[in-house]
Amino acid sequence: MTATDIPTDTSDDDWRLFRGDGRTRHVSFPEAPSWRRFTSSRESGPRPAPYLIGAAEVDVVNAALHLRRPLLVTGFPGTGKSSLAHAIAHELDIGPVLHWPINSRSALQDALYRYDAVGRLREANLRRGRQQTEPGIGNYVRLGPLGTALVPSNRPRVLLVDELDKGDVDLPNDLLTVFEEGQFEVPELARLPEDESTVEVLTDDPDDRIPVVRGRVRCAEFPVVIITSNGEREFPPAFLRRCIRLDLPEPNEERLRDIVEAHLGTAALADIDDLVREFLGRRAPGELATDQLLNAVFLRKGGVDLEVSGLLDAVLHRLGRMV
């Protein structure tokens, strides 16, 4: 079959893009949900979306901003913990969020900086064979998200340390010194001779470089640090003492409707009473996330029959177990 033989699907009344019949056809993709649209700007990820938060929670955020303390945000999945970092960066106009996603292998060193010694040696050997100038060390040092957040600037950056409770048990304590001193050293740069005291290195921001003097990076303004946790384990008291704690509650029915309106418009509130009731009826603590309701409303708004073939069950599936 040639390209001209491929049928074009012009049907506007059938939401099924994929039909499972083995036939190739050109389809027109509908507009994606606002929270799944991506931009080509420096900030990767979904575009900023409206973020709704209670007055009491807003006050806690402001306390952390004034005190220059990390904000430890807890709550069930889907309560908007990670989105809060993006909302703060957007409202305060302080640039793209620096994101450090935590897993069991995460180490403080990687978040501060990485030095590619092997790459530098390989490039030096290649250039030496061609009688070319060897590359500077700055090309092989890249600051990680935490290191970039500590780069001196008149305005702080937002650093999202996502799901710290998934990391090694010692990681919170490893962070204490950096959080207290607001600085760190790159030994590979500190050992350079005096005539190489200032070196431009790469950062976690694409294509950006910053000068590092004598191998030391020290912030001028402590970054806005948002640390999220799903409550899988407790943190050491010394770590908790240095944080401002915020627990995000699961939204009630009124807040759910406000969230739907903020993301999908006032018209989306029509004919969703059954979806909201179904969502609230299925939601045990931590079992459903708010974005699952948004997904269901978005599909209905697009003309999808959510009752067919258990589609509603697929959209509003419980978290934490296979269904």
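What share of the contacts with a separation of 6 or more comes from residues 24 or more positions apart? I looked this up before anything else. The share is 74%. I keep in mind that the model is predicted.

**Entry: overall make-up**

I counted the secondary structure next. The protein has twelve helices and eleven strands. I then checked burial over the 323 residues, and 40% of them count as buried.

**Entry: nonpolar cores**

I turned to the cores. In soluble globular proteins, nonpolar side chains tend to be buried together. Here the largest nonpolar core has 40 residues. I asked which members touch the most others, and I found Leu146, Leu164, Leu189, Ile227 and Phe239. Helix H6, residues 171-181, gives the most to this core, with five residues.

What does Leu164 touch, once residues up to four places away in sequence are not counted? I listed Ile102, Leu171, Pro172, Leu175, Ile227, Thr228, Arg233, Phe235 and Phe239.

**Entry: aromatic pairs**

I searched for aromatic pairs and found two. I wrote up the pair of Phe179 and Phe222. A pair of aromatic rings is described by the distance of the centres and the angle of the planes. For Phe179 and Phe222 the centres are 6.1 Å apart, and the planes stand at 80°. I therefore log the pair as edge-to-face, since planes over 60 degrees apart count as such.

Which parts does this pair tie together? Phe179 lies in helix H6, and Phe222 lies in the loop between strand E9 (216-218) and strand E10 (224-229), so the pair links parts 43 residues apart in sequence. Phe179 has a relative accessible area of 8% and is buried. Phe222 comes to 13%, so it counts as buried as well, the cut-off being under 20%.

**Entry: positive phi**

I looked at backbone angles in residues other than glycine. Asp207 has a positive phi, near 70°. Asp207 sits in the loop between strand E7 (198-202) and strand E8 (209-213). Is Asp207 buried or exposed? Its relative accessibility is 79%, so Asp207 counts as exposed.

Arg214 also has a positive phi, near 55°. I placed Arg214 in the loop between E8 and E9. Its relative accessibility is 31%, so Arg214 counts as partly exposed.

**Entry: around Ser197**

Leaving aside neighbours within four places in sequence, Ser197 is in contact with Val212, Val213 and Arg214. Ser197 lies in the loop between helix H7 (187-190) and E7. At 16% relative accessibility, Ser197 counts as buried. I also took the C-alpha distance from Ser197 to Gly215. It is 7.6 Å, across 18 residues of sequence.

**Entry: cavity**

I ended with empty space. Rolling a probe the size of a water molecule over the atoms shows where it is left. How many cavities of 30 Å³ or more does the structure hold? I found one. The largest cavity has a volume of about 40 Å³. I listed its lining as Pro77, Gly78, Thr79, Glu250, Pro251, Phe279, Arg283, Leu288, Ala289 and Thr290. I sorted these lining residues into five nonpolar, three polar and two charged.

Notes:
Residues numbered from 1 in each chain as written. Heavy atoms only, no water. 1 Å grid on protein atoms, 1.4 Å probe; cavity = no way out; pocket = protein on both sides within 12 Å on 5 of 7 lines; lining within 4 Å. Points joined across faces, edges and corners; volume = space filled by probe spheres on them. Nonpolar A, V, L, I, M, F, W, Y, C, P; charged D, E, K, R; others polar. Core = buried A, V, L, I, M, F, W, Y, C linked by side-chain atoms within 4.5 Å. Buried < 20%, exposed > 50% of the residue type's maximum accessible area, 1.4 Å probe, protein only. Helix = DSSP H or I, 4+ residues; strand = E, 2+ residues; numbered from the N terminus. Contact = heavy atoms within 4.5 Å. Phe/Tyr/Trp six-rings, centres within 6.5 Å; stacked < 30°, edge-to-face > 60°.
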